[in-house]
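Good morning. I will take a few minutes to go through one structure, starting with its surface and then moving to its aromatic rings.

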Amino acid sequence: MSYLPPPEFVGKMVDAGQQKVLMSTRDTLIRAFMAGAILALAAAFAVTITVQTGQPLVGAILFPVGFCLLYLLGFDLLTGVFTLAPLALIAKRPGVTPQGIMRNWGLVFCGNFAGAFTVAVMMAIIFTFGFSEAPNAVGQKIGTIGEGRTVGYANHGAAGMLTLFIRGVLCNWMVSTGVVAAMMSTSVSGKVIAMWMPIMLFFYMGFEHSIVNMFLFPSGLMLGGDFSVMDYLLWNEIPTVIGNLVGGLAFVGLTLYATHLPRAAKHSEPAADGYAAPAE
């Protein structure tokens with residue numbers, strides 16, 4: 001069967017976390033760059049669809065195409081390694097240290113940002129005909145998003161910061177669920193279907209994803225958005241990164257690890273936990 005029960009795919013989560021921490025600097029940066037670039041293209045795609053159709057739900061339904069592509073190609077997002085890498089440390093996998101995890105997170109952050117920023121520059125050129133005229137409708141929309149999700153939070157003070165943080169938590173709860181869901185299946189179609197659902201949910205609900213924002217906000221600044229780099233960093237990127245870390249690790253990684261991996265280690269009967277394979 002293509003479906004893997006939780007005790008099996010949680011073991012794969014730990015394996016993936018170890019592999020990512022021990023990966024070379026070169027490979028980590030390249031994979032992170034490509035992940036940031038592909039996700040940025042998907043965000044531009046979704047915003048374009050929303051502007052042209054007037055239906056945000058259509059953009060949200062189609063946005064996961066980028067996430068599915070980057071995952072199937074083996075590229076890495078910061079939101080995913082936030083969830084997977086610490087599990088390898090908790091499981092005491094050889095070679096995995098706190099310093100190694102921080103190194104991995106730092107490299108993936110830099111790679112994701114470089115990839116997303118590269119696409120942000122390219123799309124800004126497209127939206128303005130090489131900065132020779134005012135942004136088109138899609139470019140104007142991206143500028144508005146940047147203002148609303150920086151200055152808009154700042155206008156509410158501490159309540160705005162709390163809202164931003166919670167949106168970051170909820171985002172990576174869903175995004176990391178998508179990362180893990182892909183491990184539930186051994187078929188490409190099964191992986192895509194499982195990933196699609198939580199990614200569509202987070203995008204339509206307007207939750208805050210640190211890598212998507214690495215595209216939206218630099219783009220917004222280049223396209224005339226009325227906010228500053230400091231607004232972006234203090235009133236979006238930094239709190240979003242922290243929220244993403246908490247959401248992915250607390251609500252996905254640790255919960256699955258705590259309830260399923262010990263059972264796999266003890267060789268408990270799958271049927272006792274309700275994980276018997278369905279009949280063909």
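**Surface patch and ring pairs**

Helix α3 gives the nonpolar patch its largest share, four residues. Before I go on: this is a predicted model, where local features need pLDDT of at least 70 and side-chain atom pairs count only at pLDDT 80 or more, while totals for chains, interfaces and linings use all residues. Residues are numbered from 1 along each chain as its sequence is written, and side-chain values use heavy atoms, with hydrogens and water left out.

The patch covers about 920 Å², and its members include Phe-45, Ile-61, Leu-69 and Tyr-204. A patch here takes residues with over 30% relative accessible area and no salt bridge, joining nonpolar side chains (Val, Leu, Ile, Met, Phe, Trp, Tyr) within 5 Å and like charges within 9 Å. A salt bridge is a side-chain nitrogen of Lys or Arg within 4 Å of a carboxyl oxygen of Asp or Glu. Areas are Shrake-Rupley values with a 1.4 Å probe, and for residues only the protein chains shown count as cover. At least two patch residues come from each of α3 (56-62), α4 (64-72) and α10 (188-204). Helices are DSSP runs (H or I, at least four residues), numbered from the N terminus.

Ile-61 sits in α3.

Now the rings. There are eight aromatic pairs. Rings of Phe, Tyr and Trp (its six-membered ring) pair with centres within 6.5 Å; planes under 30 degrees apart are stacked, over 60 edge-to-face, the rest tilted. Phe-82 and Trp-105 are edge-to-face, at 5.0 Å and 90°. Phe-82 is in α5 and Trp-105 in α6, so the pair ties together parts 23 residues apart in sequence.
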